[in-house]
Amino acid sequence: MRSGFDVVGNAHIALRLGLTGGIGSGKSTVAALFAKMGAAVIDADAISRAATGTGGLAIDALRAAFGPSMLTAEGSLDRDQMRSLAYSDPSVKARLEGIVHPLVGQAIAEQARQAQASSARCILFDIPLLVESSHWRSTLDRVLVVDCREETQIQRVTTRNGLSAEQVRKIIASQAPRGSRLRAADAVVFNDGITIENLAVQVRELGTQFKL
């Protein structure tokens with residue numbers, strides 16, 4: 001396993017830390033805390049949203065694959081409509097991923113190259129579907145999972161996004177089971193029933209462990 005402090009020739013090698021967790025677990029908050037400690041954060045979901053947003057790189061292909069009715073009036077992917085369609089037809093999800101995932105992968109690779117060139121001590125890859133993918137484990141030095149109870153996920157997402165509890169349960173069911181994420185983890189942040197200050201303490205302790 002590579003160290004974030006190895007040097008090959010004159011090239012610094014950053015620690016590659018994968019961050020994942022179920023919807024509503026608090027990944028974005030943890031990523032922001034790592035960023036404050038100097039980690040270069042690459043947010044796969046933000047990249048995906050940009051690719052499927054108005055003028056995004058995936059829009060023309062999405063329009064050709066699914067028709068203009070799958071886009072909003074502003075020309076972005078109608079995520080709610082696509083989510084409903086994908087739940088009813090698994091082939092839709094595969095077609096969507098076939099369009100979006102290569103673009104996201106290219107953007108992640110480019111951002112990682114930029115972070116490496118800037119001599120970042122840690123590159124944090126915020127990947128919601130890290131455990132579901134066969135690609136990521138072999139490319140990372142450590143995997144950090146943000147964990148909480150399913151009841152907490154539902155409460156957070158219904159409050160934050162206005163989705164129904166049933167909609168959130170469907171999203172949770174479409175993601176890797178909690179046990180699978182925990183088994184894939186090198187470290188776990190338990191983000192349930194605690195304050196942001198308590199969460200920050202956990203993250204700082206991990207930062208010390210990872211020598212950030």
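Predicted model: local features only at pLDDT ≥ 70, side-chain atom pairs only at ≥ 80, totals over all residues.
**A right-handed helix crossing**

Helix 2 and helix 5 cross in a right-handed sense. On the helix 2 side, A44, I47, S48 and T52 make the contact, and helix 5 meets them with V100, V104, A107, I108 and Q111.

Two packed helices are described by the angle between their axes and the distance between the axes. Here, helix 2 covers residues 44-52 and helix 5 covers residues 90-117, and they pack at an angle of about 125° with their axes 9 Å apart. Angles over 145 degrees would count as roughly antiparallel and 65 to 115 as roughly perpendicular, so helix 2 and helix 5 end up oblique to each other.

Let's zoom out to the whole protein. Those two helices belong to a set of nine, and the protein has seven strands as well. How does the radius of gyration sit with a compact globule? For 212 residues, such a globule would come out near 17 Å, and the protein has 18 Å, so the two agree.

As for the inside, 41% of the 212 residues count as buried. Then there's the question of what share of contacts links residues 24 or more positions apart. Taking the contacts with a separation of 6 or more, such pairs account for 69%.

Technical notes. Residues numbered from 1 in each chain as written. Heavy atoms only, no water. Axes fitted to C-alpha atoms, helices over the stretch in contact; angles between N-to-C directions. Helix = DSSP H or I, 4+ residues; strand = E, 2+ residues; numbered from the N terminus. Parallel < 35°, antiparallel > 145°, perpendicular 65-115°, else oblique. Left-handed = near helix turned anticlockwise from the far one by under 90°. Contact = heavy atoms within 4.5 Å. Rg over C-alpha atoms; globule rule 2.2 N^0.38 Å. Buried < 20%, exposed > 50% of the residue type's maximum accessible area, 1.4 Å probe, protein only.
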